[in-house]
Amino acid sequence: MTKAQVALILAAAAARDLRTVGDADVLAWHEDLGDITYPEAREALRRHYRDSTDRIMPAHIRHHTRTIRDEQRRQVAHQVRALPSRYEADTTRDARAARGAELCRQAIAAATTPADNEPPAPLSPSDEIRQRALDRARAERKAGQVPGMSSAGDVLNQIVRRTSA
């Protein structure tokens with residue numbers, strides 16, 4: 001909101017509560033309400049004086065603005081949340097469900113993938129040694145060989161030989 005719009009808000013407040021408005025008031029209120037749009041502030045002012053006889057302050061406008069924004073968010077159905085019910089009896093239900101599920105997958109993928117697609121940072125020497133050890137262990141496990149360990153049949157043969165000797 002611009003300083004001129006803040007001055008309009010203060011003028012509307014002055015018309016209701018007989019306050020005097022100066023340049024310092026406009027600067028202070030602009031500092032507190034600069035991120036709010038003029039229509040939101042105007043509606044917040046209207047709501048405040050409709051329900052209260054208290055002199056309006058920037059905190060009142062911020063509170064009413066949050067309420068206004070929450071009401072607007074509830075009125076607009078997000079496309080991902082607009083999935084059809086399984087009890088709907090129409091011919092386009094399956095197509096809409098598939099489209100909604102795809103939108104969900106895209107949203108999850110966008111949230112889980114790194115934004116800048118940079119290659120991973122180089123590993124430290126200790127991390128590199130650990131990674132090599134893990135790769136070797138996976139390869140040996142896949143091949144069915146564990147260093148220093150014999151197969152179960154070899155172990156049984158050794159036991160049988162020791163007991164018979």
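Me: A salt bridge is a side-chain nitrogen of Lys or Arg within 4 Å of a carboxyl oxygen of Asp or Glu. How many of them does the structure hold?

Reply: In general, side chains of opposite charge can pair when their charged atoms come close. In this structure there are 13 salt bridges. Keep in mind that this is a predicted model, where local features need pLDDT of at least 70 and side-chain atom pairs count only at pLDDT 80 or more, while totals for chains, interfaces and linings use all residues. Residues are numbered from 1 along each chain as its sequence is written, and side-chain values use heavy atoms, with hydrogens and water left out.

Me: Okay, which residue forms a salt bridge with Arg46?

Reply: That's Glu43, with the closest N and O atoms 2.5 Å apart. Glu43, Arg46 and Arg47 are linked with Glu71 in a network of salt bridges.

Me: Is Arg47 buried or exposed?

Reply: Go by relative accessible area: buried means under 20%, exposed over 50%, and partly exposed in between (1.4 Å probe, protein chains only). Arg47 is buried, at 16%. For a bridge with an exposed member, look at Asp51: its relative accessible area is 59%, and it pairs with Arg50 at 3.7 Å between the closest N and O atoms.

Me: Helix 3 also holds Glu40. What is Glu40 in contact with, away from its neighbours in sequence?

Reply: Contact means heavy atoms within 4.5 Å. Leaving aside neighbours within four places in sequence, Glu40 touches Thr65, Ile68 and Arg69. Glu40 is buried, at 12% relative accessible area.

Me: How do I read the faces of a helix? Which residues of helix 2 are buried?

Reply: They are Val26, Trp29 and Leu33. Looking down the axis of helix 2, these fall within an arc of 75 degrees, so they line one face; the arc is taken from the directions from the helix axis to the C-beta atoms. On the other side, Asp23, Ala24 and Glu31 are exposed. Helix 1 and helix 4 (58-75) are among the elements covering the buried residues.

Me: And the core? Which residues have the most contacts inside the largest one?

Reply: In soluble globular proteins, nonpolar side chains tend to be buried together. A nonpolar core is a set of buried Ala, Val, Leu, Ile, Met, Phe, Trp, Tyr and Cys residues joined through side-chain atoms within 4.5 Å. The largest has 17 residues, and Trp29, Ile56 and Ile61 have the most contacts inside it. Helices 1, 2, 3 and 4 each give two or more residues to this core, with the largest share, five residues, from helix 1. Beyond its neighbours within four places, Ile61 contacts several residues, including Ile9, Trp29, Ala44 and Ile56.

Terms used. Helix = DSSP H or I, 4+ residues; strand = E, 2+ residues; numbered from the N terminus.
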